[in-house]
Amino acid sequence: MSTSVPSVDFNNELKCPILGLGTWKSKPGEVTQAVKDAIDIGYRHIDCAYVYGNEKEVGEAITSKIKEGVVTREDLFITSKLWNTFHRPDLVRGALQETLDNLNVQYLDLYLIHWPQAYKEDGSLFPTDQSGKIQFSDVDYVDTWKAMEPLVKEGLVKSIGVSNFNSKQLERLLQHATVKPVVNQVECHPYLNQKRLKEFCEARGVKITAYSPLGSPDRPWAKPDDPQLMEDPKLKAIADRLGKTVAQVLIRYQIDSGNIVIPKSVTRSRIASNFDVLDFKLSREDVALIDSFDCGGRLVPMTASLGHKHHPFENEEF
Ligand SMILES: NC(=O)C1=CN([C@@H]2O[C@H](COP(=O)(O)OP(=O)(O)OC[C@H]3O[C@@H](n4cnc5c(N)ncnc54)[C@H](OP(=O)(O)O)[C@@H]3O)[C@@H](O)[C@H]2O)C=CC1
Ligand SMILES: CC(=O)C(C)=O
């Protein structure tokens, strides 16, 4: 019998399991097994996105585990994200429907605007000009949000939220929203602990979901000399003292900071050990110590969109 994962309460009174499985870079040929393993181990929260190109294979695992009777749809919390080329209000519903079809589900638990900046709507996911530069669209994320709101009322998504929004963008969205975002999913780990953004979100009833919590060592643009979060001797010392792995300490760091966390793995033993974090807690002192490792170390800077007026990390305060 698997351990059940605690949940957090959203501002709309729905619940979300604090620990989920990430699926970015999980190859179509391996993600079905990874999601099946995760569900068998006890995960009930799966983080997906249209742009990851593997929703169909994630859906196969979900369908199979529901058919086997291991879980019901209602047991699961499934997130996906609206990609940058579908921000135009008339494209939002179709994009969601494609995600629902891919995942073979009738509804999502959470649908996020993946990034605040929109790309040109020319049919490709990364529309580029002749020099290879991404082509921008000037659709305002507030207009995109207005097209997301009816999806909740129609029951196609239970909750809506955002991802990669800075504080000013979130504040502006909140001024216009009639359905409040429940989550801002952002990069978060000891080298970029997002303390100010978290406080800002918390004060407005918006939860943080921490992405790349292990330092995303398989990010496609990683360089051999880049610091490796999971190899940090200071984290190793804490993990050794507690008799845990560094990954477990990193996952627990998010949970004990009040965040939802979605580590990715396609390796059964890691999927299991990343889940095996529910029977211990970091002390306040250890959380404070890990907080002190922040160095503004952003791993997912989205440099392809630099120059876009809605790029969240250019001239951002926080
Ligand atoms: N909203 C957004 O813009 C973004 C959202 N995300 C979401 O967050 C998820 C997690 O972030 P991600 O960037 O993938 O990176 P993570 O920080 O979760 O790291 C994943 C990497 O760590 C390895 N790993 C996992 N567990 C362990 C372990 N116990 N010991 C050693 N290595 C381990 C994995 O290897 P292996 O798989 O080979 O086991 C993989 O290489 C994504 O998959 C995605 O769902 C991520 C980035 C941006
Ligand atoms: C991984 C991801 O979600 C990106 C880069 O948008």
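This is a predicted model: local features need pLDDT of at least 70, side-chain atom pairs count only at pLDDT 80 or more; totals for chains, interfaces and linings use all residues.
1. Helices here are DSSP runs of at least four residues, numbered from the N terminus. On that numbering, Ser305 lies in the segment after helix H10 (284–291).

2. Ser305 counts as buried because 21 C-beta neighbours lie inside 10 Å, and the cut-off for burial is 20 or more. Leaving out residues up to four places away in sequence, Ser305 touches Gln117, Ile134 and His311. Ser305 and Gln135 are 170 residues apart in sequence, yet their C-alpha atoms are 8.7 Å apart in space.

3. The annotated site comes next. UniProt, in an unreviewed entry, lists Tyr52 under "active site"; such annotations may be inferred rather than shown by experiment. Tyr52 sits in the loop between strand E4 (45–47) and helix H2 (55–68). Tyr52 is buried, because 21 other C-beta atoms lie within 10 Å. Apart from neighbours within four places in sequence, the contacts of Tyr52 are Thr23 and Trp24.

4. Trp24 also belongs to the surroundings of ligand 2, together with Ala49, His114 and Val300. By class, this shell holds three nonpolar residues, one polar residue and no charged ones.

5. Ligand 1 has 31 residues around it, of which Gly22, Leu214, Ser216, Asp218 and Lys264 come nearest. The shell of ligand 1 divides into 11 nonpolar, 14 polar and six charged residues. Helix H9 (residues 268–275) supplies the largest share of that shell, three residues.

6. Ser216, one of the residues nearest to ligand 1, has a backbone worth checking. Its phi is near 40°, a positive value in a residue other than glycine. Ser216 is in the loop between strand E11 (207–211) and helix H7 (233–242). Ser216 counts as buried, because it has 21 C-beta neighbours inside 10 Å.

7. Glu13 also has a positive phi, about 75°, although it is not a glycine. Its place is in the loop between strand E1 (7–9) and strand E2 (15–17).

8. In helix H4 (residues 141–153), the buried residues are Tyr141, Thr144, Trp145, Ala147, Met148 and Leu151. Seen down the axis of H4, these residues fall within an arc of 165°, so they line one face of the helix. What do the buried residues of H4 pack against? Their partners are helix H3 (89–103), strand E6 (108–113), strand E9 (157–163) and helix H5 (167–176). Just after H4, Gly155 takes a positive phi of about 80°.

9. The largest nonpolar core has 77 residues, and Val35, Val58, Leu82, Tyr111 and Val261 touch the most other members. Helix H8 (residues 246–256) gives this core its largest share, seven residues. Val261 touches Ile18, Leu19, Ala210, Pro213, Ile251, Gln254 and Ile255, not counting residues up to four places away in sequence.

Terms used:
Residues are numbered from 1 along each chain as its sequence is written. Chains are lettered from A and ligands numbered from 1 in the order in which they are written. Helices (H or I, at least four residues) and strands (E, at least two) are DSSP runs, numbered from the N terminus. A residue is buried if 20 or more other C-beta atoms lie within 10 Å of its own, exposed if 12 or fewer, and partly exposed in between; C-beta atoms are placed from the backbone. Two residues are in contact if their C-beta atoms, placed from the backbone, lie within 7 Å. The arc is that of the directions from the helix axis to the C-beta atoms. A residue is near a molecule or strand if its C-beta atom, placed from the backbone, lies within 6 Å of it. Ala, Val, Leu, Ile, Met, Phe, Trp, Tyr, Cys and Pro count as nonpolar, Asp, Glu, Lys and Arg as charged, and the others, Gly among them, as polar. A nonpolar core is a set of buried Ala, Val, Leu, Ile, Met, Phe, Trp, Tyr and Cys residues joined through C-beta atoms within 7 Å.
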